[in-house]
Amino acid sequence: MGMTDVLIVGAGPTGLVLACDLARRGAAVRIVDRSPVPPRTSRAKGPNARSLEILDDLGVAEEVLAAGSAPLPMLKYRDRLPVAETDPWAGSAPSPDALYDRGRLIAQWRLEEILRDRLAGYGVHVELGREVTGLAEGPGGRHVDVTFAKGRTERARYVVGCDGAHSSVRKLLGIGFEGATAEDQVMVCGDVDLADGALDRTRWHQWFDEDGAVMLCPIPGTRTGWWFQAGPERDRRGRPLAPTADGFRRLLARHTALPGRTLTGAELLSTYRVNVRMADRFRAGRVFLAGDAAHVHAVAGGLGMNTGIQDAFNLGWKLGLVLAGHAGAELLDTYEEERLPVAARTLDLTSERLRATLEAIRRPGGGLDAAITSDTTGLGVGYRWSSLARGLAEDPRPGDGSPDAEVRTARDGERPAPQPGDRAPDAPCVDAVTGARTRLHRVFAGHGTTVLGFGPGSAAALREVAAAYGDAGVRTCRVYAAHEDRAESGPGAAVVDDEGHAAAAYGTKASDGTGTGTGTSTLVVVRPDHHLGLSAPSDDTRSVPAYLHRLHGGTRSAEGAAERFSGIGGRRR
């Protein structure tokens with residue numbers, strides 16, 4: 001029986017992002033879905049700013065941007081008349097440390113098409129019509145035997161359930177999914193076609209009345225397609241009726257100035273109930289849960305698909321390093337350690353935004369903009385509490401390191417130097433060899449751990465890093481100040497921080513600006529998922545090797561690494 005490295009169950013955005021990440025890292029990955037054809041769903045309205053960074057790293061952001069549209073201003077109505085217009089992103093703009101300041105509107109099925117095409121470029125294709133019916137750990141816990149419908153059993157080193165809120169993988173594992181479903185908070189949804197020219201397609205139209213609501217948002221890439229959301233029709237007992245095209249027409253006529261016949265077609269009809277639940281754990285041996293299989297929450301803020309994409313990006317590099325023999329299996333313990341608290345915080349955040357939205361729409365002019373805050377960009381999410389956010393096991397961490405503390409910092413708009421666990425800032429710079437403009441996130445893209453060196457004193461340490469851990473997937477990058485002498489070349493990448501944005505973002509003062517190199521030299525360790533592992537003076541001969549040993553120690557590729565570092569201090573001093 002052949003062995004797959006990772007079997008991914010569920011081919012939505014979470015599973016596809018994970019498959020792309022693993023495939024490019026050289027893992028033998030397969031992805032299955034029980035649907036006989038690719039699902040054509042438009043539920044999620046698109047990636048947020050942090051997910052766009054991930055899609056950029058995977059090489060598909062430009063295609064997503066071209067296929068989608070920017071978030072639209074919201075036109076709010078009361079009693080069929082427009083009463084207010086709000087652009088939630090009017091005061092926002094890209095910054096040097098964040099190329100994407102807002103998300104993108106794109107139909108989920110279109111995003112999945114783009115990701116499937118990317119995956120096919122690695123020779124991996126979604127296996128449709130394949131339903132998992134059994135999971136069993138193999139002898140010695142070295143693999144998982146996966147049984148499919150019709151009785152066929154196959155073998156994988158790891159399995160990841162990305163198969164949605166009704167996850168078969170989670171149920172087969174017997175993992176609890178505690179929470180509540182709000183039966184009284186109901187919405188009917190669908191993709192509809194409106195008569196050409198019926199509404200301005202540069203606005204998201206929202207009618208909120210005391211007896212119901214209708215929301216229509218244009219679907220990018222279509223001429224007459226719209227996302228339709230509304231409060232449901234109800235029977236005489238007040239029970240919500242199932243969605244139908246005729247029901248949508250009646251709702252349209254009741255709340256808007258459009259006649260029902262304006263709606264010329266409807267598909268993908270569904271009923272949405274607010275469901276707030278989270279798995280007891282995200283891992284059982286060699287099986288993991290990600291996305292809606294691990295957590296579901298209120299739709300407010302649009303964080304459902306995005307939290308799943310970010311789960312996948314956290315798990316992918318860890319599985320990749322372990323499978324390649326560049327990290328010990330204990331690294332996989334940090335997936336649940338890091339993502340479960342984020343999911344718990346997301347459940348609280350989305351419930352809070354839902355309450356704010358329900359309160360806002362009671363007043364004329366209120367709308368879905370109440371759900372959008374800086375928290376919903378995903379850029380403030382980090383892992384300060386993680387065991388990977390400490391240079392040494394015994395080192396204390398500054399601050400309380402909780403998810404709530406990190407959200408507060410992002411909300412307050414402060415920009416202190418990033419702490420271990422925080423998202424690593426982006427910064428525009430210049431390739432020192434070609435002279436082409438680039439960005440730090442492009443330097444990080446597709447690689448393992450990256451060690452940045454600021455200041456002349458970092459050169460020797462970067463050489464030692466490359467010698468000790470280059471074979472383990474660690475990349476080095478020298479960051480030169482604008483006027484710094486670049487005569488000395490190192491083994492890795494090199495960029496010029498020509499506008500000083502990188503030094504500002506990472507809180508370093510690598511040079512005094514004259515090229516004399518009197519400033520502090522600093523090493524910054526960046527994880528493959530763009531999160532800061534460690535920042536330390538380059539003459540600290542302990543912290544960086546200790547951190548890299550935490551990630552890569554105990555493996556064949558890291559043998560002797562600590563010994564190679566032991567002479568750094570003596571040679572430089």
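A: A term to start with: a strand here is a DSSP run of E, at least two residues long, and strands are numbered from the N terminus. Two of them pair if DSSP finds at least two bridges between them. Also, this is a predicted model.
Q: OK. In the hairpin of β7 and β8, which residue takes a positive phi?
A: K150, with a phi near 80 degrees. That hairpin has 4 residues between the strands.
Q: And in which sense do β7 and β8 pair?
A: Antiparallel, over 4 bridges. β7 covers residues 144-148.
Q: How many bridges join β1 to β8?
A: 6, and those strands run parallel. β1 is residues 3-9 and β8 is residues 153-161. I8 has V160 in β8 as its bridge partner.
Q: What about β8 and β15, parallel or antiparallel?
A: Parallel, joined by 3 bridges. β15 spans residues 287-289, and its L289 is the bridge partner of G161.
Q: Switching to helices. Which residues of α6 are buried?
A: G247, F248, L251, L252 and H255, in a helix that runs over residues 245-255.
Q: Why are those on the same side of α6?
A: Because they cover an arc of only 140 degrees around the axis.
Q: What covers them?
A: The cover for the buried residues of α6 includes strands β9 (177-194), β10 (204-209), β11 (212-218), β12 (225-230) and β13 (263-279).

Terms used: Residues numbered from 1 in each chain as written. Predicted model: local features only at pLDDT ≥ 70, side-chain atom pairs only at ≥ 80, totals over all residues. Heavy atoms only, no water. Buried < 20%, exposed > 50% of the residue type's maximum accessible area, 1.4 Å probe, protein only. Arc of directions from axis to C-beta. Contact = heavy atoms within 4.5 Å.
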